[in-house]
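Me: Got a model open and want to go through a few spots with you. Can you take a look?

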Amino acid sequence: MPTPIRWRHDRPTGRRPRQEPRPLTMIKSALGEMARVALAEPFMLAIERQQIYLRRLPKALDGLRIVHLSDFHYGPLTNSKHLERAVKAANDLRPDLIALTGDYISHDRVYAAPCAELVGNLRARYGVYAVLGNHDHWTDAALIADLFRAERIRVLLNEGMRLDLRGESFWLAGVNDTMVGLEDLPLALAGSRDDEMKLLLAHNPIILRRAARAGVDLVLSGHTHGGQVMLRSEKSRSGGPRRRLLRGLGRRGKTQIYVTRGLGTVVLTIRYGCPPEVSLLELHCMP
């Protein structure tokens with residue numbers, strides 16, 4: 001007896017087949033995530049630890065700890081709590097020295113006093129030393145320098161000093177800002193000995209070439225914000241570092257430079273791939 005054929009009539013489920021994300025959807029999702037990170041990152045804080053080996057560092061100073069801060073850009077777009085966290089983080093690192101490399105305010109001289117009061121909370125065993133940046137000059141450099149000095153911060157404007165620590169010494173110098181045409185490196189190094197280690201504070205890292213010719217051992221700079229928004233690798237296609245140093249440790253000849261990403265922002269309150277930075281630099285004698 002033949003088996004009857006039963007026709008099956010499936011009812012539609014109402015669901016569409018699952019589709020792979022379309023390119024436009026993926027792009028929109030990626031851009032949305034980038035925007036979220038870029039808006040949140042300015043309020044993050046990274047502690048960057050960097051060991052630096054110097055050929056002329058006195059042996060008694062091996063392991064000297066320097067906290068490096070820069071580019072606060074204290075103003076209407078900067079959350080004061082963010083800077084307070086950075087100051088606390090710096091103090092918690094128990095540094096021997098604290099180096100400040102400029103651009104403390106950006107918009108109005110009314111922010112100078114609150115900024116100086118905040119910076120006055122920094123503590124280091126052998127003191128806090130500072131130079132000024134271009135934004136400080138575009139606002140009120142004299143006021144900022146006076147307020148910092150009132151907080152017992154040594155402001156070095158084209159001047160240097162022999163710092164005696166642990167029975168040894170080195171030359172600590174600071175230059176005024178290059179962008180406003182006030183840098184005078186020879187004056188900052190006047191009085192230093194040819195054979196002693198020289199540490200230079202300079203807001204703008206463009207000074208590196210001149211510092212190398214002058215025999216400076218280490219330069220500490222800011223200004224670049226690490227690029228603030230980084231969408232490409234720090235290395236070139238050839239695998240070497242890019243020609244312009246935006247952040248981290250670099251070198252020209254026997255002169256090294258550390259460029260911090262800083263703490264604040266300019267133009268837009270965004271960062272991407274460049275979180276705000278408190279730098280802890282440990283100096284060591286060359287092996």
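Me: Where is His 225 found?
Reply: This is a predicted model. In it, His 225 sits in the loop between strand 9 and strand 10.

Me: Is His 225 buried or exposed?
Reply: Buried. Its relative accessible area is 3%, and the cut-off for buried is under 20%.

Me: What about phi of His 225?
Reply: Phi of His 225 is positive, near 60 degrees, in a residue other than glycine.

Me: And which loop holds His 223?
Reply: His 223 lies in the loop between strand 9 (218–221) and strand 10. His 223 is not a glycine, yet its phi is positive, about 75 degrees.

Me: Do strands 7 and 8 run parallel or antiparallel?
Reply: Parallel. Strand 7 (residues 168–174) and strand 8 (residues 198–201) are joined by 4 bridges.

Me: What is the bridge partner of Leu 172 in strand 8?
Reply: Leu 199.

Me: New topic, cysteines. How many disulfides?
Reply: The count is 0 disulfides. A disulfide needs two cysteine sulfur atoms within 2.5 Å.

Me: Are Cys 115 and Cys 274 buried or exposed?
Reply: Cys 115 is buried, at 1% relative accessible area. Cys 274 is buried too, at 0%.

Technical notes. Residues are numbered from 1 along each chain as its sequence is written. This is a predicted model: local features need pLDDT of at least 70, side-chain atom pairs count only at pLDDT 80 or more; totals for chains, interfaces and linings use all residues. Side-chain values use heavy atoms; hydrogens and water are left out. Buried means under 20% relative accessible area, exposed over 50%, partly exposed in between (1.4 Å probe, protein chains only). Two strands pair if DSSP finds at least two bridges between them. Helices (H or I, at least four residues) and strands (E, at least two) are DSSP runs, numbered from the N terminus.
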